[in-house]
Amino acid sequence: MQGTVDDFSYGAVTPLVAFLMACLGGALGLRCTTRSLLVSQSRRPAWLALGSAAIGSGIWTMHFVAMMGFTVADTPVHFDKPLTYASLAIAVIMVGVGIFIVGYRGATGTALFTGGTITGLGIASMHYLGMAGIRLDGRLEYNTVAVAVSVVIAVVAATTALWAAGQVRGFLWSVGASLVMGLAVTGMHYTGMAALTVHVHGSATAVGGSSPATLLAPMLIGPLTFLLLAGVVVMVDPLMIAGRPALPQERKPGVPAGAFVPHPRRHPVVPAGPPRIRQGAGQGHHSSRTPQNR
């Protein structure tokens, strides 16, 4: 029989906290991505890796907080640990691939489309792999059209957020992008949940796996601690708020030209000396020639 699914068993608390988690991870990740566009090649991978982990942890925590409000009538709900943690790895890896593409190729054109698509697919993959970790006395079925809509939302949100990160227009610009990303990622989650139908087998026998209470500590304390540490790194960087480069950089597609400082001249310009006097052969007059700059 079809089970009664409730995604809001705690009311508005779980969707609100989930939204805040998505915004926090998005804000930190996008600021790190912006910072990576303004530093030297040797320091760029560190910022991009930090941004990937921040966004991945943020959306994973968002998913778990939202799932705390998920209940099915007449059957207990549990979670499989390996699949649950595998969904975190998928999120960080796929988001990282997309962010690295934008970080090295620029936030425009083919690079932005490719990076945004991979990042969005990483968000969707995290969601549905996490859902595959649900253990209950029944089976899960999805509406194909609703699933496709949720994936499109994730891709569009990721592409828009990465484009905004590449504009390098300051702190408030990134805050707005993170709010949009948080809203879209949370919307993608609940769109995917709307596609879900649960068919209960008819018994209330508990199945194997860990309960939400058992998973609460590692799923919240661990990622939240990481996000707080990432926030400290972002806040202590003096150039993060201004959004200006520390070093002169090469021009990159998708990054405004005004954000760069031109390379200084390696050699100072030597001022021209007094004109040289050349005595003409057999002449009493003088001729002068100013040296031409090469």
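## A first look at this predicted chain

Among contacts (heavy atoms within 4.5 Å) between residues at least 6 apart in sequence, 85% join residues at least 24 apart. This is a predicted model, in which local features need pLDDT of at least 70 and side-chain atom pairs count only at pLDDT 80 or more, while totals for chains, interfaces and linings use all residues. Residues are numbered from 1 along each chain as its sequence is written, and side-chain values use heavy atoms, with hydrogens and water left out.

Let us start with the overall layout. The chain has eight helices and eight strands (DSSP runs numbered from the N terminus: H or I of at least four residues for helices, E of at least two for strands). Of the 294 residues in the chain, 45% are buried (under 20% relative accessible area; exposed is over 50% and partly exposed in between, with a 1.4 Å probe and protein chains only).

Helix α2 (residues 44-67) spans 35 Å from its first C-alpha to its last, close to the 34 Å expected at 1.5 Å a residue (1.5 Å times one less than its number of residues). Of the 24 residues in α2, 21 are buried.

Now for a salt bridge (a side-chain nitrogen of Lys or Arg within 4 Å of a carboxyl oxygen of Asp or Glu). The count by this rule is one: arginine 139 pairs with glutamate 141, their closest N and O atoms 3.0 Å apart. Here are the two partners.

| Residue | Relative accessible area | Class |
|---|---|---|
| Arginine 139 | 43% | partly exposed |
| Glutamate 141 | 33% | partly exposed |
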